[in-house]
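This report describes a structure in terms of contacts, strand pairing and nonpolar packing. The sequence and model are shown first.

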Amino acid sequence: MTPNSEQLAIQERVALPTETMTIMMGPVHPAMHGTVRVVVTVDGERIVHADVQVGYLHRGFEKECEGVTWGQVFPYTDRLNYVSPILNNVGYAMAVEKLLGVEVPERAEYIRVISGELSRVGDHLTCIAAIAMEMGAFSIFLYCVRARDEVYDRLEELTGARVTHAYCRVGGVKDDTPDGWLEKVRAGFGEITGVIDDIDGLLTKNRIFLDRTQGVGVVSTADAISSGFTGPVGRASGIDYDVRKDHPYGVYDRIDFDVPVMDAGDTFCRYYVRMEEVRQSLRIIDQAIDQIEPGPVKAVGAHRVVLPSKNETYNTIEGMIRHFKLTVDGIQVPEGEAYSYIEGGNGELGFYCVADGSGVPVKVRCRPPCFIVTGQLGNMLVGHTLADVVPIFGSLNMIGGECDR
Amino acid sequence: MPEMQQIFAGIAWNDGGWIELAATLIRAVIIVLPVILLMAVYTWMERRQASFMQDRIGPTRANIAIAGKNITLFGLLHLMADGLKFVFKEDIVPSKANKLLFFLAPILALAPVVIVFVVIPVGGFFAYSHWDQVLTADQVKAYAMTGDAFRLQASQLEIGVLVIFAFSGLGVFGASLAGYGSHNKWALIGGLRAAAQMVSYEVTLGLTVVGALLLYGTLEPMAIANWQGHNIARWGIVVQPIGAILFLAAAIAESKRIPFDIPEGESEIIGYNLEYSGMRWGIFFMGEYMELVFVGAMFATIFLGGFHVPLLHADGFRLGSHHLAMPHIAVVLVQMLAFWGKVVLLGFLQIAIRWTLPRMRYDQLMRLGWIGMLPVSLANVMVTAILLLVFTSYNWNMGNYWIASLLVTLLVYLLVVAPQQTKTDEDNVAHDEAHSHGSH
């Protein structure tokens, strides 16, 4: 991967006797988001050792889940990867549905795909924005934010919240789409592709950007596989793996899309894979909007899983009791355990749930894709200069909420 | 040395001395006041232009409420808000900082940039007693000789360009002492980077001008501007295109702005001025924008004909046999406005560059400076010298020099730049061959 620190130190010492300096990079550092610290030992500008320390945003997600009902976990999942909350919602909902054996109606699956892919677009745009901004290209950051606002506007119309949506429910989604929303989503494509094309023009062939990103922070395919890389970072290192393609869930098997894969495994590839995935996500949404049919958005007949409608709750005694029991006691999930995984914004996002037959989870474990990726950050940094820390770190799209949980 | 004698004569308190002293003061005001004003306007321009480039509204918050209406003046009031904020903010000095260096650094960052403006001419000679007449160039010259004309340049030094480089080179002390005195590792790295970068680019900056100076045959900025004159074919950017481009790049590197802002690099090392707050930080800020003005003024003087306007002679616009006579004062005013207009235009260009490009890395910056720009600027000096020798020994008209320089530039582009360009494209194609597996 990169020359190891000892070799490097020897080379340098032969040339000129120098002393190393240890710097605390973060958590109070503009590029570290306040959520991570990299203790870098530098010899001049060159990094000889980097120690990545995570945990500054540890909020005990997994422990918190053990004190609330299955349904109340959704708002917590929003705060894992807070850049693409719907994907977390879907991932968790699928794990519980697997335990319950509930069939999700087709329309709900399509809505999950559409809103999830919108979230993914937002996630990738944020990451591209961060890579660019951390190299000083602030305009590109704001272009991305403009396009992301388009995504947030649509999600706000759908869910009522801009960031923490808590939109999915076990057995479906909270509500059907508002009137004309699907067409509005399609109408917003122009804005997003426009921005993506602009960024393509500004960065992809920009000599400075290429010099800063190509061959920087390289992870070989073998290293990426042995470390467990997935998602855009893994695909940039040549791992041809996408959960949506290789283990299709929801209605992804009915949709035609490509999985971009690159070989070099450097920062540029991680950037470019994300650019391409934004285009692919829009393609997926486009097809999903064509295929979606009217219908229910919550599991039909699953009275012990989904909340009754407001009409039922207020007008029938059965409905009211169901509503009361589901709210107070929670969904009674049969004893067992299940692992379910989806393609999150940063890679394979897994939820492992253990149930004991009560309304409260025994354990909800999250496999955070970016924790695994961040684990290799230290190795990626060694041998590069101090200035490279920021773009490499940015290209991993480490999200504190998801990494530390 | 005659200049020095004049200054000392001025302090001898005789009649002529008083006039000379007053004239110097007026000159200082005429030149330094626009610079300070322009610096303040640049902070606004940077915000405003950035907001246009980024699809934002831009500065709107600072406002004055008059009769129930909020007046924002397109964000111009932010200048005042900035100033007030700087003055009233707490001035924090790290307890372990080296007090002397910490206090000295902002002064050293700002002062040299202001000083260099003394040799930059904002206009030619103003024959004040004949302001409403149409004067020819010879007449103005005659009045200048007899002392009946006012020089629109604070100080006329034979070594003018060298003075500029000497003082702008001092600017490095501000950044590096700030980094050294702050007792902060990030600031120290910033200071070291600043020192290395500015020293390296000082070399290129100097060498890029040498080509132009060979042609002009003088180091005095007023003479440089006059050599270029109203004939656009003699302007530095036409006779020295390579020198001009390299100079602009090196000058942006000197002023520490993106893509060369590695001493600051706020997302990676925060910068040499990390520990500064309040007005001390504001002085660094002022220094930075002053350098923006300085780069514009230097470039305008050396490569864009200084205060001269195309076709504008001392007695008005002339094109062939057409002649639009203008009174002397109008010519002088148009020339002064043209000079500041050029400076603002270059400021506009620099701000556009700053909000378009990403930042370079330290080693890439050094490579560009020493391996990229330095050899090219040396080659430029050599080619210019040879061409100049040919022109002078065959007694060719220097007015035709631009043909030769354009040919040479074309040659350089075809032989050096174009192959690089195709190489870059090939790189990109290689990268675009990212394979994607299709749908099942």
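Two residues are in contact if their C-beta atoms, placed from the backbone, lie within 7 Å. By this criterion, and leaving aside its neighbours within four places in sequence, Val96(A) is in contact with Trp70(A), Val170(A), Val333(A) and Cys353(A).

The model is predicted: local features need pLDDT of at least 70, side-chain atom pairs count only at pLDDT 80 or more, and totals for chains, interfaces and linings use all residues. Residues are numbered from 1 along each chain as its sequence is written, while chains are lettered from A and ligands numbered from 1 in the order in which they are written.

Val96(A) also belongs to the largest nonpolar core, which has 241 residues. Such a core is a set of buried Ala, Val, Leu, Ile, Met, Phe, Trp, Tyr and Cys residues joined through C-beta atoms within 7 Å; buried stands for 20 or more other C-beta atoms within 10 Å of the residue's own. Val96(A), Ala132(A), Phe247(B), Val293(B) and Phe299(B) touch the most other members. Helix H11 (residues 278-303) of chain B gives the most to this core, with 16 residues. Helices (H or I, at least four residues) and strands (E, at least two) are DSSP runs, numbered from the N terminus.

Between the chains, 38 residues of chain A are in contact with 35 residues of chain B. On the chain A side, the elements that each supply at least two residues include helix H5 (106-134), helix H6 (138-159) and helix H13 (267-291). That side divides into 23 nonpolar, four polar and eleven charged residues. Here Ala, Val, Leu, Ile, Met, Phe, Trp, Tyr, Cys and Pro count as nonpolar, Asp, Glu, Lys and Arg as charged, and the others, Gly among them, as polar.

Strand pairing, listed below, requires that DSSP finds at least two bridges between two strands.

| Strand pair | Sense | Bridges |
|---|---|---|
| E2(A) and E3(A) | antiparallel | eight bridges |
| E5(B) and E6(B) | antiparallel | two bridges |
| E6(B) and E7(B) | antiparallel | four bridges |

In chain A, three strands form an open antiparallel sheet in the order E1-E2-E3. E1 and E3 of chain A stand at the edges, each with a single partner strand, so one side of each is left without a neighbour in the sheet.

In chain B, Gly316(B) of E6(B) stands opposite His313(B) and has Ala325(B) as its bridge partner in E7(B). E5(B) and E6(B) form a hairpin with two residues between them. The hairpin of E6(B) and E7(B) also has two residues between the strands, and Gly320(B) there takes a positive phi near 60 degrees.

Key:
A residue is buried if 20 or more other C-beta atoms lie within 10 Å of its own, exposed if 12 or fewer, and partly exposed in between; C-beta atoms are placed from the backbone.
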